[in-house]
Amino acid sequence: MVNRTTSHSQEELIAKMVLMNGNLDVTYGHNNNRHDEQHHRHHSSNSTKFPTTVDDVSSAGGHAKKTNASTDDDRSARQSLILLLAIFCASLFAMLYVYAMFPQLNESEKQYIKVPFDIEDAKQLGRVLDRYKDLYYLEVMSGIVLVYIFLQTFAIPGSLFLSILSGFLYSFPVALTLVCFCSALGATLCYLLSQLVGRRLVKFYFPERARLWAAQVDHHRADLLSYMLFLRMTPFLPNWFINLVAPVIGVPLFPFALGTFLGVAPPSFIAIQAGKTLYKMTSSSDAFSWGSIALLAVFSVVALVPVIFKRYFKTKID
């Protein structure tokens, strides 16, 4: 009886162990399958994340270089703007110092000491300066020179009215020398400022246009002085635009400065002559009659005569 019970208990124990062993096998197999899936998924994600060929590596490196170059250009453009603002603020502070050192004026006259932006401003400023120019000759002339150069350097309108005002205040030779000197020096400073700052900005924001202009300059590099004279005498392009673009497209400084000094003489001649009748003028357009425009056209053609003859003889020789 005891043997049967023992035997029966042993059979039940064996059956339970077999059943548990089966469950363990199933669980272990299931866990192994899940581990294989996770390993496969991890391997797949790694294979898509990292480049596996030389082309993938080179394309990733090229993209990184482009991103770094774009970031450097953006940082350079931002630094250029900050530098331009700092130079402008320093120059403006110098102008305020010149104004503070000007001779003592009456309260009614102080309101007219400002940059003239129309003919009425030029008339009022001319009346005030005419009263002080004999007693404070150097101070008045220095003020006009510094303001003229400041406007030209930062491409600010108003230099035309200063040219007319110079013709009103001084004799023709003095006024013409003054205007040509200030125009050339101010344009040269604007050129240098654009070379320091503007070239980065133009190449960053207008790369295709800058490349086309540079190609045109290279094509006419032997005749740049004649072209500078022509551009200064004609109203096709404003002077401030020429000052800013010239260094960007590769115009050398010497023909730029010399062409500016000589090229602004004919337009300045007309403005100075108009200054002799400043009180009769109603607008700046009164300075340019049809006769004066025809005279400028003649001077412009004369400036291009060397280029025309050079091309003519080159065609004959070829």
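Which residue follows α5 with a positive phi? In this predicted model, that residue is A155, and its phi lies near 55°. The residue is not a glycine, yet the value is positive. A155 sits in the loop between α5 and α6. Its relative accessibility is 25%, so A155 counts as partly exposed.

The protein chain is helical in its secondary structure. It holds 13 helices and zero strands. Read along the sequence, the pattern is α-α-α-α-α-α-α-α-α-α-α-α-α. The chain has 318 residues, of which 33% count as buried. Contacts between residues at least 6 apart in sequence were also examined. Of these, 79% join residues at least 24 apart.

Helix α5 spans residues 137–153 and has 17 residues. From first C-alpha to last it reaches 24 Å, close to the 24 Å expected at 1.5 Å a residue. The helix is mostly covered, with 12 of its 17 residues buried. The buried set includes V140, M141, G143, I144 and V145. Also buried in α5 are V147, Y148, I149, F150, L151, Q152 and T153.

Helix α6 covers residues 159–169. Of its 11 residues, 10 are buried, so α6 is largely enclosed by the rest of the structure. Those buried residues are S159, F161, L162, S163, I164, L165, S166, G167, F168 and L169.

How do α5 and α6 lie against each other, and at what angle do they cross? Their axes come within 10 Å and cross at roughly 160°. Angles over 145 degrees count as roughly antiparallel, and α5 and α6 are therefore roughly antiparallel to each other. The crossing is left-handed. On the α5 side, I144, V147, Y148, L151 and Q152 make the contact. On the α6 side, the contact is made by S159, L162, S163, S166 and L169. The spacing within such a set can be read against helix geometry. An α-helix has 3.6 residues a turn, so residues three or four places apart point the same way.

An unreviewed entry marks "transmembrane region" at residues 81–102, 135–156, 168–193, 240–267 and 287–309. Two of these spans were compared with the model. Residues 168–193 are 92% helix and 0% strand, and their end C-alpha atoms lie 31 Å apart. Residues 240–267 are 71% helix and 0% strand, with end C-alpha atoms 15 Å apart.

Two further positions link parts of the chain that are separated in sequence. L185 is placed in helix α7, residues 172–205. At 32% relative accessibility, L185 counts as partly exposed. The C-alpha atoms of L185 and T260 are separated by 9.0 Å, although the two residues are 75 apart along the chain.

T234 lies in the loop between α9 (224–233) and α10 (239–245). Is T234 buried or exposed? Its relative accessibility is 10%, so T234 counts as buried.

Technical notes
Residues numbered from 1 in each chain as written. Predicted model: local features only at pLDDT ≥ 70, side-chain atom pairs only at ≥ 80, totals over all residues. Heavy atoms only, no water. UniProt positions renumbered as here; feature names shortened; annotations may be inferred. Helix = DSSP H or I, 4+ residues; strand = E, 2+ residues; numbered from the N terminus. Expected span 1.5 Å × (residues − 1). Buried < 20%, exposed > 50% of the residue type's maximum accessible area, 1.4 Å probe, protein only. Axes fitted to C-alpha atoms, helices over the stretch in contact; angles between N-to-C directions. Parallel < 35°, antiparallel > 145°, perpendicular 65-115°, else oblique. Left-handed = near helix turned anticlockwise from the far one by under 90°. Contact = heavy atoms within 4.5 Å.
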